[in-house]
Amino acid sequence: MTDFETFGGFEDCWPQYRASRKVKARTSGVSGAGRLAGRRGGEGDKILPADPGPGSKGATLSPDDKSRLARVVRRAPEVVVKVSVPAKHDKQGNPIHVNRSTEAVRVAAHLSYISRNGKLELENDRGEVAAGRSAAAAVFREWIDKHDEDRANGMASDRTRITTSVVFSMPGEVSPEVVRDAVRALAGQEFQGRNDYVMALHTDTHHPHVHLTVRTVGHDGAKLALRKADLQHLRDVFAQQLRQRGVEAESTPRHARGVPRRGEATPVYKIRQRGGKPMADSRTRREVEAELAMNSGRLRDQPWDDAILQRRGRVMAAYAAAAATLARSSDPADQALARETEQFAARLTDTATRRAAMALSIRPVEREAALTSNRSLSASRQPSRREERDDNGRDRQR
């Protein structure tokens, strides 16, 4: 038996494999990241060889992992990439059925929105930049004609979405032009020559962001289908493009940063920005209060609670192993990073889900009131003590 141990490195913290560009796996989404996540490589994919992790004897951290670890523990700003999900109901609450007609209405409204009714420039995949309502209308007509051709050729159906929309944002003090340039480079790398697209820069919110709208059916008939791994890949590319432009940016999954709760949905976030109170908060609070009342002040254990704890343990172990490796280095910078990594890992204590955090926010008086109300309700449902005759004529007490 050898003294050398193979260790997984940072695979529990962030993706360890990179695909060479340009993208090859067209039918499975943007990047083929789903295949990479499954440890399989395809033609044109460059898989980095597995090397001993930081916990192994003689192990060292690669320069890329060391740089990324430094950004994580020093809390570099994280890029945000979101897919805009089309509404399923109209303003009257009626379900929207996907067909050519409803999609035409949706795409026209979306192009008008991202161009701010023609006030903002639209830039397409050919590098053409234009503003005005006529520019948005021209894109709409071109894409509708192509969609009709795809339907006629069997490459699209009535239920095929005409466009897929992605929003790229960067928190902090970042030049809007830098954000736009980074998204332009990303779009050219990932979509140019495969899919038609337009992009628009918005600067009227807290952070500059870019709307990238891609025609779903590609030039070869393959449909764009963004999955979770594809979104992580887009975050990685976006952060890389920003760093190349001098902006400190990261794209780690939230579990690598010790964040157990998902980010809020865009509509909820916008309501909160306007100072409103989302209905989802009240609904979740009522559900939590009812569950606390029915379970003596405790939330029921859920399968994902254990999964969160197990993953957090693996993440902390990876950071601890990295810190131990760096501490053995003779480089003072490595030793400093080791200390920062230890301090960062020690703070990864929050494993509360959104429901658990809300349960903790409920004041003890309110919780006791809910329990009292539940006990009173249960008592009112109990039958009164009385004597009854059973079928055999004997007395029994209830």
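This is a predicted model: local features need pLDDT of at least 70, side-chain atom pairs count only at pLDDT 80 or more; totals for chains, interfaces and linings use all residues.
**The chain as a whole**

The chain has 398 residues, and 38% of them are buried. Its secondary structure comes to 12 helices and eight strands. When contacts between residues at least 6 apart in sequence are considered, 72% of them join residues at least 24 apart.

**Two helix pairs**

Two packed helices are described by the angle between their axes and the distance between the axes. Here are those values for two pairs in this model.

| Helix pair | Axes come within | Crossing angle |
|---|---|---|
| α3 (residues 100-114) and α4 (residues 133-152) | 10 Å | roughly 155 degrees |
| α5 and α6 | 9 Å | roughly 130 degrees |

With an angle of roughly 155 degrees, α3 and α4 are therefore roughly antiparallel to each other. The crossing in which α3 passes α4 is right-handed. On the α3 side, the contact is made by Arg100, Ala104, Val107, Ala108 and Leu111, while α4 brings Ala136, Val139, Phe140, Ile144, His147, Asp148 and Arg151. Sorted by type, the residues of this contact are eight nonpolar, one polar and three charged.

Now for the other pair. The angle for α5 and α6 is roughly 130 degrees, and these helices are therefore oblique to each other. Their crossing is right-handed. In α5, the residues Val178, Val179, Ala182, Val183, Ala185, Leu186, Gln189 and Glu190 take part, and they meet His233, Leu234, Val237, Phe238, Gln241 and Leu242 in α6. This contact divides into 10 nonpolar residues, three polar and one charged.

In soluble globular proteins, nonpolar side chains tend to be buried together. In this model, the largest nonpolar core holds 27 residues, and those touching the most other members are Val79, Phe168, Met170, Leu212, Phe238 and Leu242. Elements giving two or more residues to this core are the strands β4 (163-169), β5 (197-202) and β6 (209-215), together with the helices α5 (176-190) and α6 (228-244). Which element gives the largest share of this core? The answer is α5, with six residues.

Leaving aside residues up to four places away in sequence, Val79 touches Ser169, Met170, Arg235, Phe238, Ala239, Leu242, Ala249, Glu250 and Ser251. There is also a second, separate core of 19 residues, which includes Tyr319, Leu326, Ala338 and Ala345.

**Two residues in loops**

Val247 lies in the loop between α6 and α7 (266-273). Is Val247 buried or exposed? Its relative accessibility is 15%, so Val247 counts as buried. Not counting residues up to four places away in sequence, Val247 touches Met170, Val174, Val178 and Leu242. Val247 and Val179 are 68 residues apart in sequence, yet their C-alpha atoms are 9.5 Å apart in space.

Asp158 sits in the loop between α4 and β4. With a relative accessible area of 40%, Asp158 is partly exposed.

Notes:
Residues are numbered from 1 along each chain as its sequence is written. Side-chain values use heavy atoms; hydrogens and water are left out. Axes are lines fitted to C-alpha atoms, for helices over the stretch in contact, and angles run from 0 to 180 degrees between N-to-C directions. Helices (H or I, at least four residues) and strands (E, at least two) are DSSP runs, numbered from the N terminus. Angles under 35 degrees count as roughly parallel, over 145 as roughly antiparallel, 65 to 115 as roughly perpendicular and the rest as oblique. A crossing is left-handed if the near helix is turned anticlockwise from the far one by less than a right angle, and right-handed if clockwise. Contact means heavy atoms within 4.5 Å. Ala, Val, Leu, Ile, Met, Phe, Trp, Tyr, Cys and Pro count as nonpolar, Asp, Glu, Lys and Arg as charged, and the others, Gly among them, as polar. A nonpolar core is a set of buried Ala, Val, Leu, Ile, Met, Phe, Trp, Tyr and Cys residues joined through side-chain atoms within 4.5 Å. Buried means under 20% relative accessible area, exposed over 50%, partly exposed in between (1.4 Å probe, protein chains only).
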